[in-house]
Amino acid sequence: MAKPKKSKWVKKTLKLKPDHGWSSKPGYNVFAADRGAVRFDFPESWLIRPGEKGSIKFHDRTPPDDNCTLEMSIFYLPDIDWSGLPLSLLVEDITKNDKRGVISQGEIITFQRPRADVAWREVRFIDPNEQREAHSRIAVARWSNIQPLLTFDFWADDAPKLEPVWDEIMSSLVLGDYVEDPTQRLPFDPEPPFGTS
């Protein structure tokens, strides 16, 4: 995989314009990275922190007291046609090299929509520190040369309440929906140079 774009994280709070145009399901907020390169909805009570190597993390509580972590990295690929490299192969490769003592792997799930091709899989493992079963969902998406990687780790006991959160993240995930001004969602739509996948 290509290296994620390196960024210096700067927190800035902007007041949305009255007719801003951003919307999400009740109980969720909108997250948009790099002016809309990646966009999805996440629970409004969650905390956002910069991760290592340019990633960003979402926590249900302040670490180390969190019960789940969503981590997202964006990779910008060279401008060539990537349709010959199925995302399912990337997910297979990532999950087969998992070093966490995996006890089971789910099927790879794929779907397509106008601004995102997505493949993801769940793996289950025993956390060596807590000696508890944990779940990890790994997704790779692509549109044009934008390829985010999302991982979502949570305890097996919390699966009933957190699986719907993952479903909302996946259903709201959109790539390349750029905006000029984050305070008012007026998208501009550059055509991808090599198709949509």
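Three bridges join strand β6 (residues 102-105) to β8, and the two run antiparallel.

Q: What kind of model is this, and how are residues numbered?
A: The model is predicted: local features need pLDDT of at least 70, side-chain atom pairs count only at pLDDT 80 or more, and totals for chains, interfaces and linings use all residues. Numbering starts from 1 along each chain as its sequence is written, and side-chain values use heavy atoms, leaving out hydrogens and water.

Q: What counts as a strand, and when do two strands pair?
A: Strands are DSSP runs (E, at least two residues) and helices are runs of H or I (at least four), numbered from the N terminus. Two strands pair if DSSP finds at least two bridges between them. Here, β8 and strand β9 (residues 133-142) pair antiparallel over 10 bridges. Ile126 has Glu133 in β9 as its bridge partner.

Q: How many residues of β8 are buried?
A: Buried means under 20% relative accessible area (1.4 Å probe, protein chains only). Nine of the 11 residues of β8 (residues 116-126) are buried, so the strand is largely enclosed by the rest of the structure.

Q: How many residues join β7 to β8 in their hairpin?
A: Two residues. Strand β7 (residues 109-113) pairs with β8 in the antiparallel sense over five bridges. Gln112 has Asp117 in β8 as its bridge partner.

Q: Which strands are at the edges of the open sheet?
A: The sheet has three strands in the order β1-β2-β11, with antiparallel pairing. Its edge strands are β1 (28-33) and β11 (174-175), each pairing on one side only.

Definitions and conventions. Buried means under 20% relative accessible area, exposed over 50%, partly exposed in between (1.4 Å probe, protein chains only).
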